[in-house]
Amino acid sequence: MGIKFYADSWLTASAGVGLLRALENAGYRWEGFVEGNTVELDEGIFNKLGQIYSQYLLRDLSLEGFKKILENKKDKFNLYNVVVYEKINDFFSNSPLTNPSATKKVGESFNSLLGQGESVEKLLVEGKRLIKEFIEEKFSEILSYPRSQKVCFFCKERPAYKKKGKVKVLDATNFTPLAASLDTVENFFWEGRSNMYLCPECEIFLYFSAFGFHRTPMRTYLFVYLPDLENTKRMNDLLTDEPDLRSFMNRTIVEASKKLEGRKADWILRNIYIVEIEKVGDAQSNIYTLSISPRLARAIRENIEHYPKVFNDLFGIFLDYVYSGKSLYEFLYKILSGFFFKSRYKKLMKGMYAKLVKKGTSFKDFLPRNLTYFIKFQEVLDMEDKEKVRKQINWAYSEGLALKEIYEQGMGKEKASRKIEGISYKLLDAVRRRDTDAFQQNLIRAYLEAEREIPYIFVEALKDGSFNRIAYAFLIGLNGRGKEEVE
C-alpha cells in the first residue's frame, strides 16, 4: 500500500496539482498517481520527493539566468535565498525551507566556491546540488520527528508528529497566506487550540502547494478548484503564461467549456471555484474566493469574448460587479455621471468609483456604442429573453441617435449639443431615482421640441419592466455619434 494524500479543499488541491506538476517535470506520467481526489505514491517515489521538489523549483534556472544573477551580485550572497525565495517565500515564509538561519549554511557553502574561481558552469551545477541537498535534508528532518497520539487533520489516517514537545499543527510556515502567525491561526479554534494536526507526510505534501498556483504580473496568485483533481490539474494548466485576469477568465471558463460538451461542461461551470491570493506584506496576504453560479457561467460563456477593448482597464471592476451580484446599471451610471458632469469630478480620489467616473470623463464629445454591452450582460444575468433584449436595446439606442440627428439638423451642432446636454441631465436624474413618470415626461418634451411624435413603443416598453435597459440605451444613443461622425 502506498502513501496517500487527499485533495478535499482548495489548499490540499493546490498541493495536489503542485505535486503532479513536479512529478510530470521529473518524467513521470502524472495520471497514474491520481484516482478521484487522491494522490498515491509508492515508498520509492515518496523518498525521492526532496529531489523531485528541487528539480521543479530549479527547472527554469538556465546558464544565462545564472550568469545574470552572478553579474548583479558582485559581493558574496546567499544563492539559496536569491533562487528559492522568489518561488516559494510568499507561501512558506520562515518555514523549514525558507528560514534564514537554516539557509545561511547553503549560502556560506556557495560563497566558498565563489572564492575558488570555479567556472560559471561548475558553479551552476554545484549551486543546484547544494539547494537539492538542503531540501532533501529538510524533508528527512521532518520525517524524523517522533509521532504523537493525535491523528493528522488532513489525511485522517497517519499520526501527527511532535516538535519541541508539542504536537505539530498547521501554521503560517506551512501556508503563510492563511495567517500571519501561529497565534492568529489559533484564534479560529475553541479555547485557542488548533485541531489541524499535521503528519510529516502531509506537511511535505503541503509544501507543493506553491507549485499549484499561477502567478500574475501583478504578483497575485490564482488557482482554479474543482471537486475532481484531474480536471483541477487540467484547468490550472490552461493558465500558463496568461497576462491578466481577463485572459484567465477566458481560458478557464470560455475555452474549457467549449472543449467539453454537454453535462461535463455544465458540471465544471457549476462547480468551478477560484482562489486569488494578493500579497500585502512580507507575511500577510488577502485571500479572495469566488464560485460561479450557473447563471453567471452562462453569461460569461456567451458574452465574455465580446467584451469591448475600450473598457479593458475596467475589466477587474466589471468582474467584481458581476461576481458580487452588484448591478451593472450602477456601473453604467457612474460612467455616465463622469461624462455628463465633468466639472464635478476634477479632483478624483483613488478606488473603484473614481475609476469608473474617470472613464466617463475621458469621453469628450460622445459615448461609445459598446457601452450597451454592459446592458446586455446585465439582462442575461437577469435571465431575460436574449433576443427580445437585444432588439429593445438596439431600438432604444437608434431612437436616441435619431433624435440627436434631428436636433442637429434643425438647430446646428453647437445648439443641439447644449440642448441634448440639458435633456440628458434630466433623463439621467430620472434614471437614478428610477422615476419612470419623470423619464416619460422629459422624453415627451424632448420629442415635442423636435416636432416629432414620441414612438408609442416607448410607453409599452417602459411598462413591462424594461425601464433600465431602455433608458440607458436611449441615453447612450442620444449622446452617441452617427455614421458621418464615425467616418
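Helix H3 passes helix H7 in a right-handed crossing. This is a predicted model. Two packed helices are described by the angle between their axes and the distance between the axes.

**H3 against H7**

- H3 spans residues 49–57, and H7 spans residues 120–144.
- Their axes come within 8 Å and cross at roughly 140°.
- H3 is therefore oblique to H7, because an angle counts as roughly antiparallel when it is over 145 degrees.
- On the H3 side, the contact uses Leu 49, Gly 50, Gln 51, Tyr 53, Ser 54 and Leu 57.
- On the H7 side, Lys 132, Ile 135, Glu 136 and Phe 139 take part.
- By class, the H3–H7 contact has five nonpolar, three polar and two charged residues.

**H1 against H10**

- H1 covers residues 10–25, and H10 covers residues 229–237.
- The two axes come within 10 Å, with a crossing angle of roughly 70°.
- That angle makes H1 roughly perpendicular to H10, because 65 to 115 degrees counts as roughly perpendicular.
- H1 brings Ala 13, Gly 16, Val 17, Leu 20, Arg 21 and Glu 24 to the contact.
- H10 meets them with Leu 229, Thr 232, Lys 233, Asn 236 and Asp 237.
- The residues of the H1–H10 contact divide into four nonpolar, three polar and four charged.

**H15 against H19**

- H15 runs over residues 328–340, and H19 runs over residues 413–432.
- These helices pack at an angle of about 155°, and their axes are 11 Å apart.
- H15 is therefore roughly antiparallel to H19, because angles over 145 degrees fall in that class.
- H15 passes H19 in a left-handed crossing.
- Tyr 333, Leu 336, Ser 337 and Phe 340 make the contact from H15.
- Ser 424, Tyr 425, Leu 428 and Arg 432 make the contact from H19.
- The H15–H19 contact has five nonpolar, two polar and one charged residues.

**The cavity**

- The structure holds one cavity of 30 Å³ or more.
- About 40 Å³ of space lies in the largest cavity.
- The lining of the largest cavity is made by Phe 5, Tyr 6, Thr 12, Phe 154, Cys 155, Cys 202, Phe 205 and Leu 206.
- Two elements give two or more residues to this lining: strand E1 (3–6) and helix H9 (200–206).
- H9 supplies the largest share of the lining, three residues.
- Seven residues of the lining are nonpolar, one is polar and none is charged.

Terms used
Residues numbered from 1 in each chain as written. Predicted model: local features only at pLDDT ≥ 70, side-chain atom pairs only at ≥ 80, totals over all residues. Heavy atoms only, no water. 1 Å grid on protein atoms, 1.4 Å probe; cavity = no way out; pocket = protein on both sides within 12 Å on 5 of 7 lines; lining within 4 Å. Points joined across faces, edges and corners; volume = space filled by probe spheres on them. Helix = DSSP H or I, 4+ residues; strand = E, 2+ residues; numbered from the N terminus. Nonpolar A, V, L, I, M, F, W, Y, C, P; charged D, E, K, R; others polar. Axes fitted to C-alpha atoms, helices over the stretch in contact; angles between N-to-C directions. Parallel < 35°, antiparallel > 145°, perpendicular 65-115°, else oblique. Left-handed = near helix turned anticlockwise from the far one by under 90°. Contact = heavy atoms within 4.5 Å.
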